[in-house]
Amino acid sequence: MTSPSSAPGDRARAVITGIGSCLPPLVVTNTQVIARGDLDTTDEWITGRTGIHRRRLAGPTISTGDLATAAARAAIDSAGSAVPRPDLLLLATTTPDRPCPATAPEVAHRLGLGTVPAFDLAAVCSGFLYGLVTASALLRSGTCRAPLVVAAEKYSTIVDPFDRDTAPLFGDAAAAVALRLGDADEPGAVLETDWGSDGGGSDLITVAAGGSRLPTTGIDTGTGTGTPGHGDRCFRMRGRQVYAHAVRRMTSSSEAVLATTGWRPEEVRAFIGHQANQRILDAVADRLGVPPRHRLGNIRDVGNTAGASVPLALADAAARHACAPGARTLLTAFGGGLTWASATLLWPDAPVRTAAPEPRPPLHDHQEVSPP
Ligand code: UT7
């Protein structure tokens with residue numbers, strides 16, 4: 001569904017003014033994944049089927065919130081002091097620090113943003129683009145002036161290390177953008193968006209346990225489901241079926257947003273799709289007619305970082321100065337739900353900042369500094 005177009009003559013758009021990213025330091029190559037010996041897989045299979053050569057893992061001491069805080073602070077630094085202080089924080093994640101409460105308020109607190117509204121957004125791998133659509137609408141309605149959209153994931157906490165269908169695919173990361181209101185012809189302007197969902201495919205990508213249907217608390221909810229086993233607590237994906245949906249939905253959503261923007265696919269100078277599988281990305285770009293030289297991504301080095309993948313690839317390409325500010329850019333994503341979203345924008349003119357994960361301060365510090 002393409003989002004409602006602006007009123008005639010309304011050229012106000014959300015503009016990306018800052019870009020930040022955070023990768024955990026631990027690099028795990030395909031060779032290291034295979035060397036464990038308990039996954040019946042090969043480097044040829046992983047690279048040939050997905051394009052992934054290595055990924056970053058957060059390890060036991062770094063949480064999603066630690067990654068998110070670092071990426072968000074980097075985005076604020078990237079935006080510089082000329083833009084307003086962030087007045088809203090939206091965190092896209094499938095792997096919050098805790099099931100309750102949301103991770104976003106604590107990230108905002110750690111950033112020193114005071115009592116700004118902050119909430120988590122669950123749209124799995126489409127999370128960042130769902131966040132961008134939401135933040136753009138809130139900006140254009142006047143609800144906020146400087147939202148931060150953060151996407152952070154620690155899939156290593158939900159992926160089953162013994163499941164060869166998923167274990168080699170995912171990595172941990174965070175990335176963020178700072179936004180303000182600006183004009184449609186400025187570098188960084190988010191021009192048009194498209195988003196949608198199909199809950200009929202909700203079983204294709206799941207973590208079955210931990211919610212109200214199959215709680216992990218051991219409380220008898222009357223469902224008769226019993227205590228969930230290890231498999232139910234892990235991420236499961238029916239890869240082959242998801243593949244087909246991903247190609248179809250990212251292609252049609254991209255076509256929709258390009259049509260609304262008035263761009264032909266061959267005019268796109270930067271194409272960034274959700275970094276789940278290089279073959280999916282190439283299939284979508286081929287169908288659209290975006291030439292290989294305009295396809296940007298970093299799946300080779302970071303794997304599938306779920307909701308963080310699109311802004312992480314944007315940050316990576318922007319740090320390499322892969323595009324000139326103002327270049328016509330198409331972002332598209334697909335994920336569990338099923339969900340998908342796309343956006344057209346003008347390539348940002350922001351100095352990308354990268355940061356190391358920020359360890360969380362002890363809890364008692366939080367209690368002391370929070371006024372009633
Ligand atoms: O991020 C959210 C959205 N996610 C996606 O968009 C991911 C979409 N799906 C995919 O990227 C791909 O489907 C996968 C990478 C998950 C799998 O690639 P595929 O080419 O679709 O493989 P497949 O599932 O059709 O499996 C082909 C074969 C199977 O063996 P048989 O049945 O042909 O004997 C699998 O058992 O490959 C086998 N296989 C593996 N072999 C070696 C599955 N995983 C592995 C593995 N190593 N790690």
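**Figure 1. The second largest pocket of the predicted model has a volume of about 660 Å³.** The model is predicted: local features require pLDDT of at least 70, side-chain atom pairs count only at pLDDT 80 or more, and totals for chains, interfaces and linings use all residues. Residues are numbered from 1 along each chain as its sequence is written, and side-chain values use heavy atoms, with hydrogens and water left out. A pocket is defined on a 1 Å grid over the protein atoms alone, as an open set of points where a 1.4 Å probe fits, with protein on both sides within 12 Å along at least five of seven lines; lining residues have an atom within 4 Å of a point. Grid points are joined across faces, edges and corners, and the volume is the space filled by probe spheres set on the points. The lining of the second largest pocket comprises 30 residues, and those nearest its centre are Trp45, Met237, Gly239, Arg240 and Asn277. At least two lining residues come from each of α2 (43-50), β10 (235-237), α6 (239-261), α7 (278-288) and β12 (328-335); helices (H or I, at least four residues) and strands (E, at least two) are DSSP runs, numbered from the N terminus. The greatest contribution, six residues, is that of α6. By class, this lining has 15 nonpolar, nine polar and six charged residues, where Ala, Val, Leu, Ile, Met, Phe, Trp, Tyr, Cys and Pro count as nonpolar, Asp, Glu, Lys and Arg as charged, and the others, Gly among them, as polar.

**Figure 2. Helices α6 and α7 cross at roughly 40°, with their axes coming within 9 Å.** The axes are lines fitted to C-alpha atoms, for helices over the stretch in contact, and angles run from 0 to 180 degrees between N-to-C directions. The crossing of the two helices is right-handed, a term that applies if the near helix is turned clockwise from the far one by less than a right angle. On the α6 side the contact involves Tyr243, Ala246, Val247, Met250, Thr251, Ser254 and Glu255, and on the α7 side Arg279, Ile280, Ala283, Val284, Arg287 and Leu288; contact means heavy atoms within 4.5 Å. Eight of the residues in this contact are nonpolar, two are polar and three are charged.

**Figure 3. The largest pocket has a volume of about 1100 Å³.** It is lined by 33 residues, and Thr94, Val207, Ala209, Gly210 and Gly211 are the closest to its centre. Strand β9 (residues 205-207) supplies the largest share of this lining, three residues. The lining of the largest pocket divides into 13 nonpolar, 14 polar and six charged residues.

**Figure 4. Helix α9 (residues 309-319) is mostly covered, with nine of its 11 residues buried.** Buried means under 20% relative accessible area, exposed over 50% and partly exposed in between (1.4 Å probe, protein chains only). The buried set consists of Ser309, Val310, Pro311, Leu312, Ala313, Leu314, Ala315, Ala317 and Ala318. Alanine 306, in the loop between α8 (299-302) and α9, has a positive phi of about 55° although it is not a glycine. Its relative accessibility is 0%, so alanine 306 counts as buried. Histidine 321, in the loop between α9 and β12, likewise is not a glycine and has a positive phi of about 55°. Histidine 321 is exposed, with a relative accessible area of 68%.

**Figure 5. A cis peptide bond runs from cysteine 100 to proline 101, with omega near 0°.** Proline 101 belongs to the loop between β4 (88-92) and α4 (104-110). A cis bond also joins glycine 337 and leucine 338, with omega about -10°; leucine 338 lies in the loop between β12 and β13 (339-346).

**Figure 6. Serine 63 lies in the loop between β3 (54-57) and α3 (64-79).** The residue counts as buried because its relative accessibility is 18%. Serine 63 touches Asp97 and Lys154, residues up to four places away in sequence not being counted. From serine 63 to arginine 98 the C-alpha to C-alpha distance is 9.8 Å, at a separation of 35 residues in sequence.

**Figure 7. Serine 342 lies in strand β13.** Serine 342 is buried, with a relative accessible area of 1%. Apart from neighbours within four places in sequence, serine 342 is in contact with Leu129, Glu192, Thr193, Asp194, Ser253, Ser254, Val257, Leu331 and Thr332. The C-alpha atoms of serine 342 and valine 352 are separated by 22 Å, the two residues being 10 residues apart along the chain.
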